[in-house]
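The tour below moves through a few charged pairs, one selection at a time.

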Amino acid sequence: MGITLANFQLKAIEALMEAMGEPNRDIILKSCTGSGKTIILTHFMDEYLKSTNKAVFVWLTPGKGNLELQSKAKMDKYIHGSNTKLLSDIMSSGFEENDACFINWEKLTKKGNNALKDSERTNFVEHIQNAIDNGLTFTIIVDESHQNDTIKADDILALFNANKIIRCSATPKNYKNALLIEIPEEDVIAEGLIKKLLIINENFEQHISVEDQISYLLDKALEKQRDLRAAYAKKDSGVNPLIIVQLPNKSDALLDRVEEYFESKGITYENNLLSVWLSDKKQNLEDIEDNDATPIAVIIKQAVATGWDCPRAQILVKLRDNMSEVFEIQTIGRIRRMPEAKHYGEDLLDCCYLYTLDEKFTESVKLSLGTGALDAYKVFLKPEYRSFTLISQFKTDIPFPRDAKFALKVIWKFFEKKYHTATDLDKNQSQLEAYGYSFDEDIVDFTKSGSVSVLSKDQITELNDISIHEPLNTHKHGKEYHHCVAEIGYKANLDYSSTNTIMRKLFLKGVRCDAKILRLETRNLYAFIINNERRLIEDVRDAMADESLQLTLAIPRITEKPVGFPLEMIFTYDGTSKSQMEYTKNVYTGYLSSAEKRSMPEKLFERFCEGSGKVKWFYKNGDKGSEYFSIVYTDNFGKQKSFYPDYVVGTNGGDIWIIETKGGFTKSGSSEGIDRFTAKKFGVLRKYLDGYNLQGGIVRQDKQSGELCICVDKYSDNIHDENWQLLSEVL
């Protein structure tokens, strides 16, 4: 079964491949729960095994929950023809080239574990030694590495004499001289795989006095569960959101009280609405992970923090515990996945909820999640703004991913533009040769020879170039060809199979295609790709970024419809901020100056609006979802993207302004915090404003004067340009 990898997953695979070539033995992959770590690692292993001889992977999983079986099953499912093994397979046949072996740590480290008797332990060590004697090299993957940092675990790692150790965790420990590959949580959220926000104690009063904290918290959770269930039903989704009730580890009395509470609400083990997962008590757990499973609550202790995937879990009730436990963030991870791996464009469904009176826990969560955890309450739109609408643009309903056909056409057109290639394929070879492409039938590497007195750039460039020719061997160089194709693809966010198809259609004889550049035999294609890898990477990236080519290609249609401001929204703010002033010019009641998440330019702009005599009202737009105002543009891969301008502003004169804020200009005038699509976004914003007779532009701060400036007619990256004016003079 094929799977489309997200951009951040492709980048992580590329980073892992590059890290394998670095001298550091230890690699740390830090990624939050829900980022598809298993998918990333299985694709990476496949990629590496295809491009490297005599390699073996050993994937060590934590003890609980048969995770080694789950991980092996995922690799078998996603990577067709992979050579996966469990411990029992290794015990019978040993390690072989291209193996991906999934082993449970406890089966190796726990004394008295029947998986390996003492005689078998010796046998296992012999299997490792035989593999090393046969020239095999081990790469170890340590899953949930924070749990297996013990002397026993270290002894086992030493046995493998591993070439590389990749440690994976959402909360990794530091290792000396380790290479860190970190997947930004924002990227995972942007792909819709995990929830946008964790909301802590929503709508709690400032001072709470409760007779019974269990009833108080579970009442809140049940109410939220019902709201969520109704919202999913409106979306025609069968998701039944799950409440996780987490008990402190030593708390048998609390268990009775929680069960009694649920029973009083008609939620029991007998009617299957309640589940429990404790070491000595398990009920109604079968298929509990399914989105439409019957149980609406599960009672757990700390142990379920690791490895358990239940994307419908959306509410966590953490009962008070005075001990600080290490797994806190792992537990939060259980409620962060999206049940259908997409956002619904509705705050209620795109957030997860924590209810607790455990202050220490709340603080540690906020510390770990940063702006992913905020105080929140509901705010309502003021009556006078309820009829306001703007025409919003939406991407086509037909999914339009990065398309191999589209990419093929763009690359073909780019070669035509840059190298003047044409329909005469025989002439194209000499044309490309003239520009420095190599058509050598051997694999060619370059080195230098000569002598230098000092290691200066000048002296080194004067050395003689020496080329080393090696006859092409399709078996031997097949892995290298595969690796080069994958590298070219990763740089353009295309997967291996799409890139391989493009290269074969463009350059290989016998593969029919209207957009063709060369007609090479298979052997020559291998040599061409390997010898020109760097040049091809640059050309493919340039082709994808060349805006002049995008205009000639068919772009899917967009749809337009009026949208207003949402009647209510979850307002998130920083309760620790010194200033909690209400901005009365905002379209919502109760909108505070401590609103989060806000960038510095956004905070400055909101302060400007509140203090400006010309501004009558302002609205902070959302950044995802059909209820917010968006304008559609097309990126350089031919993929439609939605641009959500930051603010809509109404003036006392009746004008409507649409404003996008960006990072400022430093005192020296250079740009900071700017995204590469700013010029493109400005272009589509300008076109939209002209089409609907509105005002607007891009606002940035000039650090030299401290003032906010606006660009309304023509975008420039130079603050000293006449296109930038003081915001206070324009708006």
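Start by selecting D347 and K196, which are both buried. Their side chains meet in a salt bridge, at 3.6 Å from N to O. Colour by secondary structure to see where each partner sits: D347 belongs to helix 12 (residues 347-350), while K196 is in the loop between helix 8 (185-190) and strand 8 (197-200). The two residues are 151 apart, and the pair links distant parts of the chain.

This is a predicted model. Across the whole structure, a search finds 25 salt bridges.

Next, select E182 and K30. They form a salt bridge whose closest N and O atoms are 3.6 Å apart. E182 lies in strand 7 (residues 179-182) and K30 in strand 1 (residues 26-30), so this pair ties together parts 152 residues apart in sequence. With a relative accessible area of 45%, E182 is partly exposed. K30 also counts as partly exposed, at 29% relative accessibility.

Move on to helix 3 (residues 67-78) and pick D76 and K72, which are four residues apart in that helix, a separation of about one helical turn. The closest N and O atoms of their salt bridge are 3.0 Å apart. The cut-off for buried is under 20%.

Finish with R25, D26 and R167. Select the three together: a network of salt bridges links them.

Terms used:
Residues numbered from 1 in each chain as written. Predicted model: local features only at pLDDT ≥ 70, side-chain atom pairs only at ≥ 80, totals over all residues. Heavy atoms only, no water. Salt bridge = Lys/Arg side-chain N within 4 Å of Asp/Glu carboxyl O. Buried < 20%, exposed > 50% of the residue type's maximum accessible area, 1.4 Å probe, protein only.
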